[in-house]
Amino acid sequence: MRLAAPITPSSVADRITLISFGAISVAFSGVAKTLTLVGSESAVIGHERALGLCGAIEYLLAKFVAEAPLDAAIALVFSETLRSAASLRMGRAEANAAFAAVAVASTSLGLAVGSLSPSSDSALVAGVPLLVLFTILGVVNPSGQSADAPPKPALLQLVTNLSPIGAAIRTLLPAELAGARLDRGRFSLANAPRLGALALVKSGDEVLVRLGLGPTGSAADEGRRRAMPNWRDGIVRLAFITLTNLLVAALGALATRPRFVHPRPPPPAQSG
């Protein structure tokens, strides 16, 4: 999908959807690859850990250092392809940093799930539903969010805060829309957006407010530009999610150290 260079009201929903699917794709790819690799190595690493030849922290750090740069490099290629193919407004630095950060966070999430799972099959079984949950709670509804919507329960809000998909979307959308002026051109019903919440928007900041990503009420009227979300805040949030996942992975690996029973040699046979 190639979007028009100027942002129009009818293309806003397309940009939101395209960016959201891009973040979801990078997250799913990173987690799936990490779970597959950790599962394939679990038997060998488990035996070495049981013999005291390899510690849990050393293995997790080595795995993260080995896999995170590769996942980030793949995400950079994806970011450059998406920007050029879809004519996104966000700069190269913002897009590359956001997609690389979500790739690294997804790698750490795969390590966390793998360390808490007793086998490679159970890791895949647990990882897919968890990613689906992170997707459901992390995506932004293009039709907008009501200002008087009830708050989420505490547990769901915690899961939402730990969603790398949600953090990536809330990083990329401000990078794409903050400060943008919408090119309305000659108004016609054929070019108007199909979604009511975005039908009369005039700027990217207003879109962010209607999506629930910007200030509301008095904060929206006074100091809106200063209070609007910044993509750098999203990078910090993704870094926090990465560190949290690594901590969970370390605790899980320490708590699930495998143990093997080593057979004792039979007693010597007594003569005569």
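Predicted model: local features only at pLDDT ≥ 70, side-chain atom pairs only at ≥ 80, totals over all residues.
Helix 6, residues 164-177, has 14 residues and reaches 20 Å from its first C-alpha to its last, close to the 20 Å expected at 1.5 Å a residue. The expected span is 1.5 Å times one less than the number of residues. Helices here are DSSP runs of H or I, at least four residues, numbered from the N terminus. Just after helix 6, Gly179 takes a positive phi of about 80 degrees.

Residues are numbered from 1 along each chain as its sequence is written, and side-chain values use heavy atoms, with hydrogens and water left out.

Let us turn to a pair of helices. Helix 3, residues 92-116, and helix 4, residues 120-138, pack at an angle of about 135 degrees, with their axes 9 Å apart. The axes are lines fitted to C-alpha atoms over the stretch in contact, and the angles run from 0 to 180 degrees between N-to-C directions. The angle makes helix 3 oblique to helix 4; oblique is what remains once angles under 35 degrees count as roughly parallel, over 145 as roughly antiparallel and 65 to 115 as roughly perpendicular. Which residues make the contact? Helix 3 supplies Leu109, Val113 and Gly114, and helix 4 supplies Ala123, Ala126, Gly127, Leu130, Leu131 and Phe134. Contact means heavy atoms within 4.5 Å.

Leu116 also lies in helix 3. Not counting residues up to four places away in sequence, Leu116 touches Val248 and Gly252. The C-alpha atoms of Leu116 and Leu251 are separated by 8.6 Å, although these residues are 135 apart along the chain.

This brings us to helix 10, residues 231-255. The buried residues of helix 10 include Trp231, Leu238, Ile241 and Gly252.

Finally, consider Thr160, in helix 5, residues 154-161. Is Thr160 buried or exposed? Thr160 is buried, because its relative accessible area is 6%. Leaving aside neighbours within four places in sequence, Thr160 is in contact with Leu137, Lys152 and Arg237.

Notes: Helix = DSSP H or I, 4+ residues; strand = E, 2+ residues; numbered from the N terminus. Buried < 20%, exposed > 50% of the residue type's maximum accessible area, 1.4 Å probe, protein only.
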